[in-house]
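Reader: I am new to this structure and would like a close look at a single part, the surroundings of the ligand. Please describe that part and what it is built on.

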Amino acid sequence: MQIFTEIESLRAFLSHKNAGQQSIGLVPTMGALHPGHLFLIQSSTAENQVTVATIYVNPTQFNNSSDLEKYPRSLEADIALLEKGGCDALFCPDTREMYAQTSTVKFDFGPLDKILEGEFRPGHFSGVALVVSKLFNIVQPNIAYFGQKDFQQFTIIARLVDELKFGIQLRCIPTLRESDGLAMSSRNLRLTEQERKKAVILFKSLSSANQALLEGMALGDVKVDIQKIWEKEKNTKLEYFELADRENLILLDRVKSANQSIVLIAGYVGEVRLIDNMIIGAQ
Ligand code: AMP
């Protein structure tokens, strides 16, 4: 695997591949890689000749400076994992390379970036759209891979690609989970042993909501039950639990039809903020 920290040298490497008409897959990450990330890499290597992973903890998508500071970083282990996963190139720039000057460019996706994550992390999706646009322009991939775990992010990036005519195909890769159901996440590394056990509360909430909604329980009653589950578990705090249309994330008050609706959740376990989601009826 070749490692690049500069845009120009990555571009030189990729221009050879482009000239040979090789298909390029892009997997953007913030590092602290786990098997969920590797699943994206494998999806890319399965359908492209060249796979480029990026590792960059993007400051413009953090609205909380302590969250940015505490974000786990493990570049050496990440490189070893990517090599093993068959990744061809890694781009791991520093902030001077990505933001030559302080950026004032902002994105506004209307209601889509004001709900769910957007409500609790103002400016987050503008920062995501900015850095992903930069990565798309630098790498010019044929296909880019994102995880369903960050479903609102995927929906926003799909809107971005459509709006700005990037001409890139997107893949939404299913969430890889630990054996108890907890979605794999770099942030799980910050949980204490006790918190790690409690963190299954997100998956439990989604699974029981999925079942209850399929059985016809009213959304209001489901929300009350979920609130109770969280109130019983000390040192946790539910931030939101919502039902939405899978296509456009418009919030719903009842299930549209199986596979067309999604439940999304965010909450704190100790000081660590975790998110997850589940498509209704898909399990
Ligand atoms: P991150 O490094 O957290 O920004 O994640 C990089 C990419 O990996 C994003 O597209 C995530 O949605 C995806 N990802 C994160 N966790 C998982 C998981 N457990 N399963 C599949 N994809 C994931």
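Author: Three elements each supply at least two residues of the shell around the ligand: strand S2 (24-29), helix H2 (35-47) and strand S5 (143-147). Helices (H or I, at least four residues) and strands (E, at least two) are DSSP runs, numbered from the N terminus. This is a predicted model, in which local features need pLDDT of at least 70 and side-chain atom pairs count only at pLDDT 80 or more, while totals for chains, interfaces and linings use all residues. Residues are numbered from 1 along each chain as its sequence is written, and side-chain values use heavy atoms, with hydrogens and water left out.

Of the elements around the ligand, H2 gives the most to the shell, with three residues. There are 17 residues around the ligand, and Met30, Gly147, Asp150, Leu176 and Met184 come nearest; a residue is near a molecule or strand if one of its heavy atoms lies within 4 Å of it. By class, the shell has eight nonpolar, seven polar and two charged residues. Here Ala, Val, Leu, Ile, Met, Phe, Trp, Tyr, Cys and Pro count as nonpolar, Asp, Glu, Lys and Arg as charged, and the others, Gly among them, as polar.

Taken alone the ligand exposes 490 Å², and the protein buries 94% of that; accessible areas come from the Shrake-Rupley method with a 1.4 Å probe, and for residues only the protein chains shown count as cover.

S2 and S5 belong to an open sheet of six strands with the order S1-S4-S3-S2-S5-S6 and parallel pairing. Two strands pair if DSSP finds at least two bridges between them. At the edges are strand S1 (2-4) and strand S6 (169-173), each pairing on one side only. Neighbouring strands of this sheet are turned by 25° against each other on average, direction ignored. Axes are lines fitted to C-alpha atoms, for helices over the stretch in contact, and angles run from 0 to 180 degrees between N-to-C directions.

Two bridges join S2 to S5, which run parallel. The bridge partner of Leu26 in S5 is Ala144. H2 packs on this sheet, touching S2, strand S3 (50-55), S5 and S6, where contact means heavy atoms within 4.5 Å. The direction of H2 makes about 155° with that of S5.
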